[in-house]
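Please examine the sequence and the model shown here before reading on.

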Amino acid sequence: MFDSVREDLQATLDEIRAAGLHKPERVIGTPQSATVAVTAGGRPGEVLNFCANNYLGLADHPDVVAAAHEALDRWGYGMASVRFICGTQEVHKELEARLSAFLGQEDTILYSSCFDANGGVFETLLGAEDAVISDALNHASIIDGIRLSKARRFRYANRDMADLEQQLKEATEGGARRKLIVTDGVFSMDGYIAPLSDICDLAERYDAMVMVDDSHAVGFVGPGGRGTPELHGVMDRVDVITGTLGKALGGASGGYVAARAEIVALLRQRSRPYLFSNTLAPVIAAASLKVIDLLESAGELREHLAANTALFRSRMTEEGFDILPGDHAIAPVMIGDAAVAGRMAELLLERGVYVIGFSYPVVPQGKARIRVQLSAAHSTQDVNRAVDAFVAARAELTESGEA
């Protein structure tokens with residue numbers, strides 16, 4: 001049977017390569033850090049890492065690593081169970097309590113990933129008589145989670161408050177019992193930040209709940225690193241926050257929903273990814289507790305990250321690159337053509353800078369880019385070296401006629 005399928009699959013793979021949309025996976029032989037050893041052309045080499053979500057540089061922080069070692073001795077390797085059977089340890093409850101306090105929410109529930117967290121919310125909270133109003137550029141996990149629910153679906157243009165209000169009107173006029181507005185706090189492909197204050201105003205006007213996926217914000221956005229609700233002063237007006245432990249919070253895996261107590265209580269009873277997935281490994285929970293300790297005194301790291309981001313954005317603009325506006329550590333360098341973006345990423349790697357070209361279906365057709373991600377672990381010299389490499393790679397592409 002598979003022989004007949006094999007040819008079709010190979011043809012699809014060939015089409016992906018021909019269109020310049022193939023996404024190679026490079027292997028690194030070191031811990032995640034500002035500098036990593038990448039296998040390129042069969043030869044390992046140390047390169048600057050500008051494509052990880054390691055915003056605060058905590059993925060290899062010695063205190064986090066030490067906490068993980070200690071946790072292995074105390075709590076073991078894995079739970080071999082789901083939470084409600086025999087998979088809940090004290091360390092899981094402690095992390096949930098700490099996340100709730102840090103994010104200003106009443107309770108928190110842990111998941112094996114934020115993808116699972118987003119996959120478990122909508123089906124649990126919303127039925128056919130309800131409505132979900134989603135930003136057009138929300139993360140794939142939100143889109144997939146919404147698909148699992150029977151709620152009516154409304155979509156508004158990215159950060160367009162007039163369109164959001166129109167969708168809320170239609171949902172209200174359609175007799176929706178519950179209305180849930182859902183948005184990314186930071187849109188991962190663009191680095192744009194959602195206007196949460198305006199969203200909360202509209203939610204209150206139309207009696208809707210607000211949900212924010214703050215995966216690319218918690219830890220370093222806002223005065224205390226508590227994310228976009230803190231940045232906009234609406235921590236008490238957001239009903240559901242989803243996020244990950246796999247980006248600024250140490251870079252491992254795992255996700256969470258921090259929300260009103262009744263929402264979390266219902267998720268524990270009905271959320272399928274929670275009920276049918278193994279418990280988060282205790283070593284991750286324990287290390288994440290250490291990360292939260294570090295976040296409470298991480299002002300200097302956040303300041304350094306902001307300085308690195310400002311330097312990269314200003315220098316790239318001065319050099320004439322098309323970089324999307326903003327001040328987030330996600331700094332997309334717009335290329336347009338997928339093949340050119342991929343080739344530029346290769347040339348940058350040759351110059352000791354590790355970045356990735358993003359193309360369809362991760363971003364829209366014709367909107368290929370290199371998404372540079374700054375880290376507090378980068379030095380000023382690292383940032384300047386990256387910009388210089390971009391300039392040199394662009395010159396080579398122009399001279400060869402590839403650009």
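Q: Is R159 buried, partly exposed or exposed?
A: In this predicted model, R159 has a relative accessible area of 33%. Buried means under 20% and exposed means over 50%. Because the value lies in between, R159 is partly exposed.

Q: In which loop is R159 found, and what is its phi?
A: R159 is found in the loop between β5 (152-156) and α7 (161-173). Most residues other than glycine have a negative phi. R159 is a residue other than glycine with a positive value, and its phi is near 60 degrees.

Q: Is D207 buried or exposed?
A: D207 lies in the loop between α8 (196-205) and β7 (209-213), and its phi is positive, near 55 degrees. The relative accessible area of D207 is 64%. Exposed means over 50%, so D207 is exposed.

Q: How are α14 and α15 oriented to each other?
A: Helix α14 (residues 338-350) and helix α15 (residues 380-400) pack with their axes 9 Å apart, at an angle of about 125 degrees. Angles over 145 degrees would count as roughly antiparallel, and 65 to 115 as roughly perpendicular. The two helices, α14 and α15, are therefore oblique.

Conventions
Residues numbered from 1 in each chain as written. Predicted model: local features only at pLDDT ≥ 70, side-chain atom pairs only at ≥ 80, totals over all residues. Heavy atoms only, no water. Axes fitted to C-alpha atoms, helices over the stretch in contact; angles between N-to-C directions. Helix = DSSP H or I, 4+ residues; strand = E, 2+ residues; numbered from the N terminus. Parallel < 35°, antiparallel > 145°, perpendicular 65-115°, else oblique. Buried < 20%, exposed > 50% of the residue type's maximum accessible area, 1.4 Å probe, protein only.
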